[in-house]
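Subject: Structure handover

Hello,

Here is the structure you are taking over. Please keep it open while you read the notes under it.

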Amino acid sequence: MHEMGIASSVLDAVRKEAAARPGSRIVKVGLRIGEWAGVDPESLRFCFEAVASSETSEAPALEIEFLARQNQCKRCGIVFALERFQIECPRCGAEVTEPVSGDELELAFVELEES
Amino acid sequence: MTRVDVQQKVLNENDKLALSLREVLAENGVYCPNFISSPGAGKTLLLERTLELLPPDTQVGVLTGDIQTDNDAARLARYGFPVRQITTGGSCHLEARMIQRALEDWKIESLDYLFVENVGNLVCPASYDLGENDKIVILSVTEGEDKPLKYPATFSRAGLVIINKIDLLPYVSFDIALAKENVRKVHPDAEIIEVSSTTRAGFSDWLSWLDNRRRLCAAHSAASVAS
C-alpha cells in the first residue's frame, strides 16, 4: 500500500506546475497508469482525494488512463494485449515479444483555471 | 482554462535522486543490488551467508530496510562489514532519498558492493528506483509457484530471480519447473539461480553471478568515463 506516497508525489508535481502560473487553481489532473505499474488506480484515487482535500477545500478532479500490458512482436510487428501472460505472438507465433506498454506511472497533464 | 501537458514520471523526483546515486556508485566502482522479496522469503539469511562466503578481501556495505526494529542490522553486523538499518517507520518500501541519507557519512569509495535489503514486500518496492544496478527478487519454495504472475510489476523488473530454500523441496509441493516457467512468462530474459542459505547449495553459482555482474558494471562505467 504505497498509493498514499504516490498521491503525495502527484500533488507535489502538480503544485510545481501551478506555481509556475501564479494565481492559478488546479482543476484537473491526468495520470497514466500501466497494468504492471504495481499501483491500484482506485486506491490511488482514494488517497489523492484524501491528501488533496486536506489542504484545499476542493480537490481537483482526477482522470486516470489505465494502460493494458501490451507486447510487440519483433518478427511481424503486431502489437497485442497480453492475455493470461501469453507472450507468444498471436499472429506469427514468435516465442519472444517485447513489452511496449503497461509499466507507466506518469503525470500526463494538469488543467489550470487562471484568475 | 489552461491545459499543461506534463508527460513526466510521477516519481520523477525519486528517479532523479536514484540517477545521481547510480552515478556516484559507478564512479566509485561499487556494484549495488537491491534485494526484494515477500516477508520471510529469506533475504536476511541469504545476505548473511553471502557475507560469510565472499572472498576474504571483499569490501561490502549493507543497508537493510524494515518498518520497525534493527534486528536485521544486528544479524548482518556479525560479519564485520559496515551495516546500517533504515527504519521506515511505516513505509512499506525504500525510496532513493532514504538511501542517500543513509550513505551521507560513508566512505563508499572503499566498497566493492553495496547490498540493499528492501522492506519485505513484493508490490511497492518495484515502483522506486534506488539507484541500484539490479533488482534481485528472492522467491522461496514455501511460497506459491504463481508469485511471478501475481506480482508481475516486481518480477518483470528483476535482473535475477533467486529461488531460495531448495533444501525444503522434499517437504513442500512447490513445482520448481512451473515457478521458472512463470518467471519467464513475465520476464523472458530473467536469470534464475536456485539456492539454499541453510545448506549453501547453489552458492557457488550465486557468488560467481555476483562477481561477474560487479566486473561487468565496473568495466561498463570505466568505459563510459573513458569515452
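Start with one pair of residues: Ile136(B) has Leu160(B) in β7(B) as its bridge partner. This is a predicted model, in which local features need pLDDT of at least 70 and side-chain atom pairs count only at pLDDT 80 or more, while totals for chains, interfaces and linings use all residues. Residues are numbered from 1 along each chain as its sequence is written, and chains are lettered from A and ligands numbered from 1 in the order in which they are written.

Confidence

The model has an ipTM of 0.86 and a pTM of 0.92. For chain B the mean pLDDT (the predictor's confidence in each residue, from 0 to 100) is 94, and 99% of the residues of chain B reach 70 or more. Where pLDDT is low, the predicted coordinates should not be read in detail.

Strands in chain B

The pair above belongs to β6(B) and strand β7 (residues 160–164) of chain B, which run parallel and share five bridges. Two strands count as paired if DSSP finds at least two bridges between them. Strands themselves are DSSP runs of E with at least two residues, helices are runs of H or I with at least four, and both are numbered from the N terminus.

β6(B) also pairs with strand β2 (residues 33–37) of chain B, again in the parallel sense and over five bridges. Here Ser37(B) is found opposite Ile138(B) of β6(B).

Is β6(B) mostly covered or uncovered? Strand β6 (residues 134–140) of chain B is mostly covered, with six of its seven residues buried. A residue is buried if 20 or more other C-beta atoms lie within 10 Å of its own, exposed if 12 or fewer do, and partly exposed in between, with C-beta atoms placed from the backbone.

Chain B as a whole

Chain B has eight helices and eight strands. Its radius of gyration (taken over C-alpha atoms) is 18 Å, close to the 17 Å that the globule rule (2.2 Å times the number of residues to the power 0.38) gives for 227 residues, so chain B is as compact as a globular protein of that length. The C-alpha trace of chain B spans about 60 × 50 × 40 Å along its principal axes. Of the 227 residues in chain B, 44% are buried.

Two residues are in contact if their C-beta atoms, placed from the backbone, lie within 7 Å. Of the contacts in chain B between residues at least 6 apart in sequence, 75% join residues at least 24 apart.

Chain A as a whole

Chain A has two helices and six strands, in the order α-β-α-β-β-β-β-β from the N terminus on. The radius of gyration of chain A is 18 Å, well over the 13 Å that the globule rule gives for 115 residues, so chain A is more spread out than a compact globule. Along the principal axes, the C-alpha atoms of chain A fill a box of roughly 55 × 30 × 15 Å. Buried residues make up 35% of the 115 residues of chain A.

The sheet in chain A

Three strands of chain A form an open antiparallel sheet in the order β4-β3-β5. β4 (79–81) and β5 (97–101) of chain A each have a single partner strand and stand at the edges, so one side of each is left without a neighbour in the sheet. Strand β3 (residues 70–73) of chain A is joined to β5(A) by four bridges in the antiparallel sense. One bridge pairs Cys73(A) with Thr97(A) of β5(A).

Val96(A) lies in the loop between β4 and β5 of chain A. Is Val96(A) buried or partly exposed? Val96(A) is partly exposed, with 14 other C-beta atoms within 10 Å. Val96(A) and Cys73(A) are 23 residues apart along the chain, and their C-alpha atoms are separated by 7.4 Å.

Where the chains meet

How many residues does each chain bring to the contact? Chain B brings 28 residues and chain A 26 residues. On chain B, β1 (2–9), α1 (12–27), α6 (152–155) and α7 (176–186) each supply at least two residues of the side that touches chain A. The largest share of that side, eight residues, comes from β1(B).

β1(B) also pairs across the two chains: six bridges join it to strand β6 (residues 105–114) of chain A, and the two strands run antiparallel. In this pairing Val110(A) is opposite Val4(B) of β1(B).

Regards
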